[in-house]
Amino acid sequence: TIDTTPPTIALHSPQNNSLLSLAFINYTASDTNGIATLTSSHPQSTASWNEGLNIVIVNATDSAQNTATAQFTFTVDRTAPQITLISPDDNAQSDTSATFSFNVSDIDPQLNCNLSITNAVTTVSAVVPISNSQTNITQQIPLGPTSWNVLCADDAGNTRTSPTRIVLGVDILGPTVQTSFSVAQRVFANKVSANVSDASGVSTVTLTFENQTMIMHNESDLY
């Protein structure tokens with residue numbers, strides 16, 4: 001019987017078109033009459049591969065000199081994501097909320113990032129930004145100093161943490177007053193209530209009606 005069937009080459013791990021840092025490329029060749037030679041354009045360990053796109057060509061020859069060729073593609077990424085903090089600037093002032101903006105770039109188009117905001121309580125917002133685009137996250141912050149930074153990881157397992165910045169929560173705005181009362185009627189008793197809140201707390205709430213000023217009393221934020 002003359003063997004005219006070429007060998008079969010199979011890739012076991014990692015998957016073709018994978019993004020990886022350090023890995024062992026596990027492939028095999030099989031044939032009913034046995035494999036005479038099995039060669040590759042790249043070592044099976046990716047330790048010495050160039051960073052970026054690598055095309056691996058595997059050649060197999062069986063004992064009857066039938067040949068087969070397979071091609072696999074891998075992207076090697078050994079560089080951690082680059083993180084650029086945009087705003088707030090270090091020691092910038094903000095009211096009770098701040099918008100945290102940063103940019104991340106990497107060979108990996110999708111990244112996993114955590115925005116860490118630390119003060120009296122710790123708030124962690126998980127985001128998945130598209131690489132090379134700006135991410136904006138608005139969070140409430142207390143009065144006083146709040147530290148923040150960004151940690152990002154790519155699919156190859158490379159991680160980086162940005163420098164830490166401080167944003168100072170200050171009371172820039174006056175109290176917020178909300179009331180449904182608009183018109184007073186002389187022939188009826190009029191009850192006036194209002195929701196009043198402020199980042200620094202509310203000291204006094206007064207009502208002025210026909211040149212008379214009255215102090216309003218509160219139950220929580222309701223006066």
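Trainee: Which cysteine does the disulfide join to Cys-113?

Mentor: We are looking at a predicted model: local features need pLDDT of at least 70, side-chain atom pairs count only at pLDDT 80 or more, and totals for chains, interfaces and linings use all residues. Residues are numbered from 1 along each chain as its sequence is written, and side-chain values use heavy atoms, with hydrogens and water left out. A disulfide is a pair of cysteine sulfur atoms within 2.5 Å, and the structure holds one. With an S to S distance of 2.0 Å, Cys-113 is joined to Cys-152.

Trainee: How many residues apart are Cys-113 and Cys-152?

Mentor: Cys-113 sits in strand S10 (residues 112–118) and Cys-152 in strand S13 (residues 144–153). Strands (E, at least two residues) and helices (H or I, at least four) are DSSP runs, numbered from the N terminus. The pair links distant parts of the chain, with a separation of 39 residues.

Trainee: Is the link of Cys-113 and Cys-152 right-handed or left-handed?

Mentor: The place to look is the S-S bond. The angle about it is 110°, and the link of Cys-113 and Cys-152 is right-handed.

Trainee: Are Cys-113 and Cys-152 buried or exposed?

Mentor: Buried means under 20% relative accessible area, exposed over 50%, and partly exposed in between (1.4 Å probe, protein chains only). By that scale, both Cys-113 and Cys-152 are buried.

Trainee: What is the relative accessible area of Ile-55?

Mentor: Ile-55 is found in strand S5 (residues 52–62). Ile-55 counts as partly exposed because its relative accessible area is 41%.

Trainee: Why does Ser-94 count as buried?

Mentor: Ser-94 lies in strand S8 (residues 92–94). Leaving aside neighbours within four places in sequence, Ser-94 is in contact (heavy atoms within 4.5 Å) with Ile-141, Val-167, Leu-168, Gly-169, Val-170 and Ile-172. Ser-94 counts as buried because its relative accessibility is 13%.

Trainee: How far apart in space are Leu-168 and Thr-96?

Mentor: Leu-168 has its place in strand S15 (residues 165–169) and is partly exposed at 27% relative accessibility. Beyond four places in sequence, the contacts of Leu-168 include Asn-91, Ala-92, Gln-93 and Ser-94. Leu-168 and Thr-96 are 72 residues apart in sequence, and their C-alpha to C-alpha distance is 9.6 Å.

Trainee: How far apart in space are Val-202 and Thr-176?

Mentor: Val-202 is in the loop between strand S17 (195–197) and strand S18 (205–209). Val-202 and Thr-176 are 26 residues apart in sequence, and from C-alpha to C-alpha the distance is 9.8 Å.
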